[in-house]
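Welcome! Have a look at the model below, and then let us work through some exercises together, one step at a time.

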Amino acid sequence: MSKRISIALVTLNPEENKILDKMHRQKVAEVEKLTQTVRELEKVLLAGAGAANAVCDYQRKVQEMNEERKTLEQEVACAKVTANRVATVVANEWKDANDKVIPVKQWLEERKFFQREMQQLCDKLAVADRTTKAEAQLKV
């Protein structure tokens, strides 16, 4: 094919030859630009594929973590049930014939309430003690 072009170029006059040469250079430049564009698009495509793979990996990890969370929630629920059963058994062992067993949560709340009340009484006692000491010093 290049021999045909060469033969055809020889038969053309110099002005036509210049025009064809210019057109040939333009076409070569266009092909080079298109080649560069194709390379850039290939790079972008590869980068996009890498990002898509990363997204798929993260989605898989999230799904695994959700499954693990569900398993852990089930284990926690079972542990709570077991703890409540043990607390009930222990409470039943401690109760007298006339006593009723109260739930652990209620017992804890009452305990906190009585501890606060005891602390308030201790504070009042300390204030009263300081007051009596101060009055005793004033009398002396």
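Patches are made of residues with over 30% relative accessible area and no salt bridge, where like charges are joined within 9 Å and nonpolar side chains (Val, Leu, Ile, Met, Phe, Trp, Tyr) within 5 Å. Accessible areas come from the Shrake-Rupley method with a 1.4 Å probe, and for residues only the protein chains shown count as cover. A salt bridge is a side-chain nitrogen of Lys or Arg within 4 Å of a carboxyl oxygen of Asp or Glu.

This is a predicted model, in which local features need pLDDT of at least 70, side-chain atom pairs count only at pLDDT 80 or more, and totals for chains, interfaces and linings use all residues. Residues are numbered from 1 along each chain as its sequence is written, and side-chain values use heavy atoms, with hydrogens and water left out.

**Exercise 1.** Find which residues make the nonpolar surface patch of about 260 Å².

Solution. Step one: the patch is made by I19, L20 and M23. Step two: L20 sits in helix α2, residues 14–94 (helices, H or I, of at least four residues and strands, E, of at least two are DSSP runs, numbered from the N terminus). Step three: L20 has a relative accessible area of 35%, so L20 is partly exposed (buried means under 20%, exposed over 50%, partly exposed in between, with a 1.4 Å probe and protein chains only).

**Exercise 2.** Work out how E64 and R60 are placed in their salt bridge.

Solution. Step one: the closest N and O atoms of E64 and R60 are 3.2 Å apart. Step two: E64 and R60 are separated by about one helical turn because they are 4 residues apart in helix α2.

**Exercise 3.** Describe the salt bridge between D129 and K133.

Solution. Step one: the N to O distance between D129 and K133 is 3.8 Å. Step two: D129 is partly exposed at 39%, whereas K133 counts as exposed at 52%. Step three: elsewhere, salt bridges that share partners join D57, R60 and E64 into one network.

**Exercise 4.** Count the disulfides in the whole structure.

Solution. Step one: a disulfide is a pair of cysteine sulfur atoms within 2.5 Å. Step two: the search finds 0 disulfides.
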